[in-house]
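Try each task before reading its solution.

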Amino acid sequence: MSTQSEIVALYPYKPLAGQKALVTGANSGIGEAVARHLAAAGAAVAINYVVHPEVAQAIADDIIASGGEAMITAANVGSEPEVLAMFGEVLTKFGTLDILVNNAGLQRDAPLTEMTIEQWNTVISVNLTGEFLCSREAVREFLRRGPTPHSSALGKIIHMSSVHEVIPWAGHVNYAASKGGVNMLMKSIAQEVGKHKIRVNSIAPGAIKTPINVGAWSTPEAEAKLLELIPYDRVGIADDIGKAAVWLSSDASDYITGTSLFVDGGMTLYEGFATNG
Ligand code: BGC
């Protein structure tokens, strides 16, 4: 991932100035990059974490040292009381919220016949229920607060989905089911709140080098195998998603709602069909 000062240099025009953002699961991987990019683009950013407050605090300190604004806030997004407490804390410190990035997500992989109910429930709870709970609280706040001079929209929600909202994934049925659910959650919320000028979209990343999939890219052999799935012929990095999140949060995408933006190097082009079928 780029350094905070490199990221700051990408956004001299500060498209998110004056706005407040909450990024869930923001102390590693894609969430960290999204938090760093939103902050560099001018938003005050709340960094949600579950464990390792010192890591979240180091990211916040880095943002602040580069002239940005940041806070940290603990919550397991699958827990309603914890989500309510987190929103209370963020709204108290920031006054309101303009951008929610529902990023927190995890994998608990197993073949179907060996998958436990705990593995199923953990993934559905964080990846799907968490996105419902945080979206509900964000929309409540957007409606309470009303329009601002900082954005054409009343508020923006970005769901972190996956290419697996459309690509079935053997050995990961809990994860793929959660991301398929995120797709309809996103679209249904977008349809419901569009009249309030709230924009709701997903980013659907492909293979991005983060801790969640380290086994898929950390050796040259694994990376070569992974590249067979990616027409653009490079594995993604978290900055790729941070840049997309800034654009999707900004008025540059003001007429876009209810869509999934695939940031996947073409993984959803099913490269296997280039030489088969
Ligand atoms: C998963 C990664 C995987 C990627 C492409 C993501 O949603 O979390 O583990 O590498 O999809 O398959």
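Predicted model: local features only at pLDDT ≥ 70, side-chain atom pairs only at ≥ 80, totals over all residues.

**Exercise 1.** How far is an oxygen atom of the ligand from an N or O atom in the side chain of Asn 213?

*Solution.* Residues are numbered from 1 along each chain as its sequence is written, and side-chain values use heavy atoms, with hydrogens and water left out.

Next, pick the atom pair: the distance for Asn 213 is 3.2 Å, a polar contact (a pair of N or O atoms within 3.5 Å).

Then look at two further side chains: a polar atom of Tyr 175 lies 2.6 Å from a ligand oxygen, and for His 164 the distance is 2.7 Å.

**Exercise 2.** Which classes of residue make up the shell around the ligand?

*Solution.* Start with the residues around the ligand (a heavy atom within 4 Å); among them are Gln 107, Trp 169 and Met 267. Now sort by class: five are nonpolar, five polar and none charged.

**Exercise 3.** Where do Glu 32 and Arg 36 sit in helix α2?

*Solution.* They are four residues apart in this helix (residues 29-40), so about one helical turn separates them. Finally, check the pair: Glu 32 and Arg 36 form a salt bridge, with the closest N and O atoms 2.9 Å apart.

Technical notes. Polar contact = N/O pair within 3.5 Å; in protein donor to acceptor, adjacent residues only side chain to side chain. Nonpolar A, V, L, I, M, F, W, Y, C, P; charged D, E, K, R; others polar. Salt bridge = Lys/Arg side-chain N within 4 Å of Asp/Glu carboxyl O. Helix = DSSP H or I, 4+ residues; strand = E, 2+ residues; numbered from the N terminus.
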